[in-house]
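Biologist: Could you walk me through a few features of a structure and show me how to read them?
Modeller: Happy to, let us open it up together.

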Amino acid sequence: MSAGNGYKVIGTRPVRHDGVDKVTGRAVYGGDTRLSGLLYGQVLRSPHAHARIKSIDISKAQALPGVKAVLTGADLPKTGDTIVDLGEGPARLKYMSDNVLATDKTLYSGHPVAAVCASNVHIAEEALDLIEVEYEVLEAVLNLREAMKEGAPQLHPDMTTQEFGEDTGRTSNLATHFQHKLGDPDTAFASADVVIEREFNTATVHQGYIEPHNATAMWNADGQITIWTSTQGSFAARAQTGAVLDIPVSKIKVVPQEIGGGFGGKIPIYLEPIAAMLSKASGQPVKLIMTRPAVFESTGPTPGSHIKIKMGANKDGKIVAAEAYIAFESGAYPGGLVGAAAMCVFSCYDIANGLIDCYDVVLNKPRSFAYRAPGSTQACFATEHVVELLAAELGIDPLEFRLKNSATTGTRRIDGVVYPKMGCKEVLEAIRDSEHYKSAAPSGPNQGRGISLGYWFNVGLQSACTASVNNDGTVSLSEGSTDIGGSRTSIAMQFAETLSLDVDDVRAQVVDTDSIGHTDVTGGSRVTYATGWAAYKSALDVQAQMCERAAQLWEVEVDQVAFEEGVFSSGDKSYTFKELSGHLDETGGPVIGRATVNPDSGVGGSFAANIADVEVDPDTGKVQVLRFTVIQDAGKAIHPSYVEGQMQGGSAQGIGWALNEEYYYNKDGQLDNSSYLDYRIPTSLDLPMIETIIVEVPNPGHPFGVRGVGEANIAPPPAAMAGAIADAIGVRLQELPMKPSNVLAATQASEGQAALAAGG
Amino acid sequence: MSKIHVQTTINEEATEFLCEPRESLLEVLRETLGFTGTKEGCNDGNCGACSVTLDGVLIDSCLMLAVEAEGKSISTVEGLANPEGLHPIQQAFLEHAALQCGICTPGFLVASKALLDHNPEPSEHEIRHWLAGNLCRCTGYDKIVRAVLEAAQTVRASA
Amino acid sequence: MPVAWIPSLMQKLTEGQQQIPVEGSTVRQVVEALESLYPGFKDRIVEDDRIRTEIAVAVDGEVVTSGLRARVGAESEVHFLPALAGG
Ligand code: FES
Ligand code: FES
């Protein structure tokens, strides 16, 4: 089936199938798990950013009435030096295990050191106070550039910098260094008419999902473990838990409960092995829910960064060379997010010569994890700044300049990858043609407009789907991708479209790890794309089996049965899908379609753009968003409302990242803003309506042309806001967040300069 | 710790429970009484996921002790729909795709109902102002605000 | 002949060459061919007969899922990239 028009189901906006459960409070999220004999767990966390654990005395906690078990890192199996890739990028197993419960050292304030379970959560909390940990406090490093210096406090004494498969042997906080190079950047820069170079810093931010991490586990007497949790990937949670506990995955069943947001932060495990071990020790099911401060202090922030961008262009407006230096915080343990930044930093433009030099740096903050288009937002903020400056220097309209240099089908990125069919130009053209862009820019005092362009690729990975045909012609679909934003429905829609069924006749459910084939994480903008593909393939499997049933009934050969528009026919005989479903019992019993995919072709990418109008309060530096438009290439929007929802949600997060959000550590390395009061995410009052324009440049690699839309939308907002602020006050900020104090300082500095110039 | 006997009304049903003085209303609703529709996002009054009404007043149930519920009337998300069907606010949230992960949704529904109970014709700004105590990280609020605007209309039309 | 693109940090091994045409119809054969030209190459990419976990191989722009067994076409480009974490 080719992507195009003429769809019956795709592109419509049905009410999501899990909707009623979610508006009535009946949907069961991880924290809602209730079991008989349930115990409640709590985790003790290090107050020190960097310390050696000298001893832990749990005897008083154990003696507290109501306490059922106490756990420390010493209780976890010793892990060897294995490298594992368990759904969140390659990692050393020891690091993964130590992040669950520290053994020798704590590497950030909030690092778990012990856990307790008791008959209620208050007793568990009291017990934590009775655990005596003796620390030797070590010097901590929380600043990225400080951490990179020689002589900086070393987090992992045995860690040496890895350079693309080569161990440099240099002990350092630089975990990895790599480079992409294309063409001859030095010569190209020398030939450029204009070269601009700038430096940027962005703060550590958090994914900010409203639902805290949680896990409930039951370790049965027969050694079988069941874990109920809110996770982006039940199979990844199973694999990680199995690895940390050193037990085979066959012993673990992960039941994915409804999940209250993840954005990349619920791919890693934190509480699952602890819940399992506490259950083993107590013989009862144990539930843990992280406190909100713990969520901020110890889970997935996304990296703060230090970036330098240099770009050169010709007088005729062509970018000829680009260079990026990107250093990312990976937190307490090495991570992999800078690699994605490298793929995104110049991905919007066609540039023949370039160098991208990247560093992944450990420091005393929680281990960084993915956050929606991980790495792309920081990179986009930096690149778009320089793009705007180049356009201004050359006297070319910034949108025109982007169009002139836009990446397109066949563009070779600096990391070497050649683009298949891509919607970059189309997204830029959609800016140009939008009502917002054509309307007069706000012209009041301290008002301005900015535009920006960002990118994120999709990943394929594995998905499985089974489809059971009921004898009334409805279909029960089982899949393994946890549904964070309505994906059950978009998957059911692709199935329904394939067989011309009514979408309400296809009910999708997310099932546990014992009930479906391996399915990778909900992340990488892959669910609607890859699990949708599995649904499409399982529909074709159903179709083939149903044709055989019709052939039996009509006593013809199967190749004499046709299927079109939901009707099976052969000669003058015909059955609708529903009618034929009524004859399954007499033709061999149930029909179950199944499919698995692991696409390694056609995984496209998606471009997103913004137009932002702002007003800056000259007295406080506070930025108010007056109007905001997000444009994104969806390939083909399966359920446009949920595509818009992704675009609006990513925009809101991007605006928060731009204007407010940052981790604020005190001099002792403790997080000072670990509540929603102090880590301020946008509220309804901070935002205007977010206008959406869906561009559809079908992905030739997907049966319906789908491109994942979950992520690219968070990349451009900070850059657009920076542009709008620059237009409003004449200063282009090089640091995130552009919080009131920074904006005010920038205004005053530029006024000071203007006064000097006027006076001079 | 000895427990205290509390008599209260939840979603128009007379209800009794025993609780420790230190337990919050949220904790008792969720863990003791099984009203898990009311969610916990922060446990410190900053996210609104635990919104319920107490004698018609919108509160964060994580900030109130359960013992204070004595003699009061509490409404939770579970009380919004009736056997005839969903409340217009619930219906509008579904039709406007005003939820993604849905963890914030019960709080928004309860808060929106409280808004419409006292201001049946709120402006966009009044809605944004009223709902500013309810955090949503998924939607960017656009569809939520539109859903409340429409629900207000439906409620007025049927009044 | 397929062309292998060598990451800049590995070009010390390949005497500064970035694009190297080599025979091979699978990633394994491409890597072996590079190893015979530039001894030590394989060790940077392969460990225990698998592509190192920190490295990803892309054939014609798409990261392959079948590792060393992945098919390589006569006109293909083979890239070696850092492996990524998802979002
Ligand atoms: S849980 Fe009560 S306000 Fe967040
Ligand atoms: S829908 Fe996820 S927090 Fe609102």
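Biologist: Which residues do ring pairs link into a cluster?
Modeller: Rings of Phe, Tyr and Trp (its six-membered ring) pair if their centres lie within 6.5 Å; planes under 30 degrees apart count as stacked, over 60 as edge-to-face and the rest as tilted. Here the cluster linked by ring pairs holds Phe296(A), Tyr663(A), Tyr665(A), Tyr676(A) and Tyr679(A). Please keep in mind that this is a predicted model: local features need pLDDT of at least 70, side-chain atom pairs count only at pLDDT 80 or more, and totals for chains, interfaces and linings use all residues. Side-chain values use heavy atoms, with hydrogens and water left out, residues are numbered from 1 along each chain as its sequence is written, and chains are lettered from A and ligands numbered from 1 in the order in which they are written.

Biologist: How many aromatic pairs does the structure hold over all chains?
Modeller: Over all chains there are 22 aromatic pairs. A pair of aromatic rings is described by the distance of the centres and the angle of the planes. Take Tyr371(A) and Trp657(A): their ring centres are 5.4 Å apart and their planes are at 10°, so this pair is stacked.

Biologist: Where in the chain do Tyr371(A) and Trp657(A) lie?
Modeller: Helices (H or I, at least four residues) and strands (E, at least two) are DSSP runs, numbered from the N terminus. Tyr371(A) is in the loop between β21 (353-362) and α11 (376-394) of chain A, while Trp657(A) is in helix α18 (residues 640-659) of chain A; the pair links distant parts of the chain, 286 residues apart.

Biologist: Are Tyr371(A) and Trp657(A) buried or exposed?
Modeller: Buried means under 20% relative accessible area, exposed over 50%, and partly exposed in between (1.4 Å probe, protein chains only). Tyr371(A) and Trp657(A) are both buried.

Biologist: What about Tyr536(A) and Phe704(A): why is the pair edge-to-face?
Modeller: Their ring centres lie 5.4 Å apart with the planes at 80°, so the pair is edge-to-face. Tyr536(A) belongs to helix α16 (residues 527-554) of chain A and Phe704(A) to the loop between β32 (690-695) and α19 (717-729) of chain A, so parts 168 residues apart in sequence are tied together. Tyr536(A) is buried at a relative accessible area of 11%, and Phe704(A) is buried at 0%.

Biologist: Which ring does Arg92(A) lie over?
Modeller: A charge sits over a ring if NZ of Lys or CZ of Arg is within 6 Å of the ring centre and within 35 degrees of the ring normal. Arg92(A) lies over the face of Tyr95(A), 4.7 Å from the ring centre. Lys310(A) lies over the face of Phe189(A), at 4.4 Å from the ring centre.

Biologist: At what angle do α11(A) and α19(A) pack?
Modeller: Axes are lines fitted to C-alpha atoms, for helices over the stretch in contact, and angles run from 0 to 180 degrees between N-to-C directions. For α11(A) and α19(A) the angle is about 30° and the axes are 7 Å apart. Angles under 35 degrees count as roughly parallel, over 145 as roughly antiparallel, 65 to 115 as roughly perpendicular and the rest as oblique. Therefore α11(A) and α19(A) are roughly parallel to each other. Contact means heavy atoms within 4.5 Å, and here Thr377(A), Cys380(A), Phe381(A) and Glu384(A) of α11(A) make it with Pro718(A), Ala719(A) and Ala722(A) of α19(A).

Biologist: And how do I read Lys365(A), buried or exposed?
Modeller: Lys365(A) is buried, with a relative accessible area of 7%, and it lies in the loop between β21 and α11 of chain A. Leaving out residues up to four places away in sequence, Lys365(A) touches several residues, including Leu107(A), Glu329(A) and Tyr665(A).

Biologist: What about the backbone: which residues does a cis peptide bond join?
Modeller: Leu736(A) and Pro737(A) are joined by a cis peptide bond, with omega about 0°. Pro737(A) lies in the loop between β33 (735-736) and α20 (740-759) of chain A. In chain C, Glu15(C) has a positive phi of about 55° although it is not a glycine, and Glu15(C) is exposed, with a relative accessible area of 69%.

Biologist: Between which chains are the most contacts?
Modeller: Among the 2 pairs of chains that touch, chains A and B have the most contacts. No contact joins chain B and chain C, and their closest C-alpha atoms lie 15 Å apart.
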